[in-house]
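Take a look at the fold before reading on.

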Amino acid sequence: MERVRVLNAPLNQANLLLHGCCRELAARMGDGPPPALEEAMEGWLRQIDGRTNLRSVEYAEAALAALDQRLSPQRARTEIARRRPDIITAFTRAPVDVKGLLRINLYLPEEALEDALSGLIRGVFAAPASFELVERLEVAKVRVEPSIAVTYPTLILYLRAHANQPALRPRVEALLQGLASLLEPFRRASLADDTYADRWHPSATATQGLRLHKRYLHLLALLSRVYDRRSNFAYLKAPPSRASNFPGVLDRVRTC
């Protein structure tokens with residue numbers, strides 16, 4: 001957790017600066033900020049004070065929407081970029097271990113969790129080449145209901161930072177093929193959320209970075225500067241010679 005805190009520190013600071021800049025814009029309103037803006041700014045600050053900084057994005061979105069309504073469309077973003085270019089830099093130049101974090105998200109019915117974990121340990125992870133690619137595994141106890149359109153992934157595999165190197169492509173492909181076989185029984189029961197992600201299987205997505213960070217980038221009209229539009233903003237934008245190998249790998253094991 002300490003490592004995560006350190007990695008997220010620049011984004012948390014950027015979020016605090018963004019809040020301050022929006023507060024300055026609100027203060028310049030001749031007849032005072034509207035109630036909706038005040039409410040959004042207060043909720044935003046509560047999240048920051050509660051050290052759940054990036055989860056304040058919904059309040060940030062509401063605040064900028066209220067500012068745009070009083071000023072003009074996109075005016076708030078223009079003013080932020082003009083007044084505080086350091087905020088733009090902080091969001092676009094986040095540590096590569098944050099914006100390049102490789103994740104495989106598996107969406108499974110909760111009743112299948114035990115069998116899935118067993119399959120991972122005895123099957124997919126039994127191969128050292130695949131197991132060594134995984135930095136950590138998160139298990140979320142989330143009930144998946146048919147009525148819920150978007151759910152949190154049941155299992156998240158965080159891959160090591162070097163996993164997108166060309167030399168490791170065959171190993172990543174083998175890992176994904178093993179996961180595809182594990183997921184096959186749940187092909188028709190998927191509720192996978194592919195927001196800013198590559199849905200390579202009906203029950204799985206792959207992505208780089210953090211969704212909350214991407215929402216801030218989208219809010220500030222910066223998302224396409226950092227992530228590749230062609231991949232549904234799942235993967236980092238990079239020159240062709242340095243592009244992430246994940247899109248190619250996933251194309252070869254795609255089962256949608």
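Is Ala65 buried, partly exposed or exposed? Keep in mind that this is a predicted model. Ala65 has a relative accessible area of 46%. Buried means under 20%, and exposed means over 50%. Ala65 is therefore partly exposed, since 46% falls in between.

Ala65 belongs to helix H3, which covers residues 57-70. Leu37 is 28 residues away from Ala65 along the chain.

Next, the helix itself. H3 contains 14 residues. From its first C-alpha to its last, H3 reaches 20 Å. That is close to the 20 Å expected at 1.5 Å a residue. Which residues of H3 are buried? They are Val57, Ala60, Ala63, Leu64, Ala66, Leu67 and Asp68. Ala65, by contrast, is partly exposed.

Turn to the sheet. Strands of a sheet pair through backbone hydrogen bonds, either parallel or antiparallel. Here, 5 strands form an open sheet, and the pairing is antiparallel. Their order is S2-S3-S1-S5-S4. Strand S2 (134-139) and strand S4 (198-201) are the edge strands. Each of these two pairs on one side only. From one strand to the next, the twist averages 20 degrees.

Finally, look at one pairing within the sheet. Strand S1 spans residues 102-106, and strand S5 spans residues 204-208. How many bridges join S1 to S5? There are 5, and the two strands run antiparallel. Asn105 stands opposite Thr205 in S5.

Key
Residues are numbered from 1 along each chain as its sequence is written. This is a predicted model: local features need pLDDT of at least 70, side-chain atom pairs count only at pLDDT 80 or more; totals for chains, interfaces and linings use all residues. Side-chain values use heavy atoms; hydrogens and water are left out. Helices (H or I, at least four residues) and strands (E, at least two) are DSSP runs, numbered from the N terminus. Buried means under 20% relative accessible area, exposed over 50%, partly exposed in between (1.4 Å probe, protein chains only). Two strands pair if DSSP finds at least two bridges between them. Axes are lines fitted to C-alpha atoms, for helices over the stretch in contact, and angles run from 0 to 180 degrees between N-to-C directions. The expected span of a helix is 1.5 Å times one less than its number of residues.
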